[in-house]
Amino acid sequence: MVAAVLVLLLGGVALLYGVQSPAANTESVPATTAATPPPPAGPVPASFDELWRAASPATPVPLVAGDGVVVAEGTRLSGRDAVTGAERWSYSRDLALCTTGFADGRVMALYRNDEYCSELTTLDPGTGGRGPNRTLDARPGTRLIGQDPVLATGEDYLETFRSDLVRTAEYGTVRAPAEPGTQPRSGCTFRSFAAAQDRAGVLERCPGETTERLSVLRPSSTDGDRPAFDSSAEIGTDGAQLIALSPERAAVLLPGVPRLALFDRGGRRIGEFPVAAGATISVPADGVARTRTGGPDDPTRYWWTGGATVALDAGTLQPRWSVPGTLGPGTRYGDRLLVPVPGGLADVDPADGAVRRTVPVDRGDRTGPVQVAAQGGLLVELRGTEIVVLGPAARS
């Protein structure tokens with residue numbers, strides 16, 4: 001009789017767990033066929049036509065992954081054929097998506113559980129198959145940026161993790177510290193973020209200090225809950241933005257007349273450069289500057305100020321040239337750089353910023369920012385909360 005009761009109890013517990021577990025509230029539909037590679041990029045065409053579009057408010061940047069495009073809305077991600085937009089795989093949970101990202105060849109989907117963005121799942125971009133997952137302590141509004149480490153941002157807390165999802169550092173208001181007193185400051189507000197190889201930067205405003213502080217963490221040297229830093233010091237001004245990190249430097253946009261201050265690995269200011277005179281300067285609401293790397297053959301980082309695209313040397317972070325009147329940072333397309341502008345895409349020489357022409361693109365009445373990424377010979381534009389995929393026009 002006792003044995004029978006125990007069996008019933010264990011069965012009830014198993015049933016309850018099965019109903020309430022994450023797996024029971026997850027729908028994963030993997031791809032059944034191999035993806036069709038998009039056409040390769042050739043010379044810049046005379047014009048681009050729209051191929052398809054989809055709502056994607058949970059992708060803060062165009063998410064080109066594998067041979068396809070990922071869109072995300074509400075509780076669901078889907079991998080789309082780049083050319084047709086046909087859905088190849090999907091993944092959804094009974095939780096709202098906080099944000100998405102891409103690192104180490106995997107799509108990252110971060111879901112909100114109660115007050116935290118805590119449920120991180122990784123997916124194969126080609127098949128939608130599930131990979132490693134882990135729990136974060138990120139707050140709503142977080143972004144997932146960088147590759148090694150990945151940095152999860154937040155207004156008073158950040159954490160970094162490796163490609164295998166093992167946490168390497170946390171900084172700020174830690175929810176449940178293993179040891180008290182491991183964080184060097186408390187009550188700080190984080191304002192902007194950047195990441196580079198084994199570096200995670202934050203511009204913060206702390207109680208009792210007179211200006212903003214630039215802190216650059218070194219995740220690989222962190223010991224337990226105690227973060228390690230390359231440097232952490234006040235910068236002497238308020239209203240700045242952290243634009244980018246390189247392995248040895250940090251670039252900070254100073255308020256007032258646009259100029260870029262450069263700091264070395266030890267936090268010393270080593271230079272200051274004018275930036276895009278007269279250009280509009282905007283402050284990203286999520287604290288992440290709109291930049292895009294040029295790729296393995298292009299040692300440049302392209303940064304959008306809010307009104308101009310500026311080329312930064314990837315190592316020194318010094319400005320090289322700028323193109324005014326743009327809508328986003330741009331993307332490499334073959335040996336050219338295509339930068340969104342009103343009415344189309346500026347065909348730019350990445351060596352010197354010279355604009356050859358404007359390739360027409362019909363965006364209707366949209367005048368806001370546009371982020372663009374190349375997927376082979378196709379272009380993926382993120383216009384607000386909508387993904388629009390463009391292909392070379394037939395007449396091209």
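Visitor: In what order do the four strands of the open sheet lie, and is the pairing parallel or antiparallel?

Guide: Strands of a sheet pair through backbone hydrogen bonds, and the pairing may be parallel or antiparallel. In this predicted model, the open sheet has the order E2-E33-E32-E31, with antiparallel pairing.

Visitor: Which are the edge strands?

Guide: Look for strands that pair on one side only; here they are E2, residues 48-55, and E31, residues 370-375. On average, neighbouring strands of this sheet are turned by 25 degrees against each other, direction ignored.

Visitor: How many bridges join strand E32 to strand E33?

Guide: Five bridges link E32 (residues 378-383) with E33 (residues 386-392), and the two run antiparallel.

Visitor: How many helices and strands does the chain have?

Guide: The count is one helix and 33 strands. The radius of gyration is 23 Å, close to the 21 Å that the globule rule gives for 396 residues, so the chain is as compact as a globular protein of that length. The C-alpha trace spans about 85 × 60 × 35 Å along its principal axes.

Visitor: What share of the residues is buried?

Guide: Taking buried as under 20% relative accessible area, the share is 51% of the 396 residues. The accessible surface of the chain is about 17200 Å², and carbon and sulfur atoms account for 53% of that surface.

Visitor: What share of the contacts joins residues at least 24 apart?

Guide: Among contacts between residues at least 6 apart in sequence, the share is 48%.

Technical notes. Residues are numbered from 1 along each chain as its sequence is written. This is a predicted model: local features need pLDDT of at least 70, side-chain atom pairs count only at pLDDT 80 or more; totals for chains, interfaces and linings use all residues. Side-chain values use heavy atoms; hydrogens and water are left out. Two strands pair if DSSP finds at least two bridges between them. Axes are lines fitted to C-alpha atoms, for helices over the stretch in contact, and angles run from 0 to 180 degrees between N-to-C directions. The radius of gyration is taken over C-alpha atoms; the globule rule is 2.2 Å times the number of residues to the power 0.38. Buried means under 20% relative accessible area, exposed over 50%, partly exposed in between (1.4 Å probe, protein chains only). Contact means heavy atoms within 4.5 Å. Accessible areas come from the Shrake-Rupley method with a 1.4 Å probe; for residues, only the protein chains shown count as cover.
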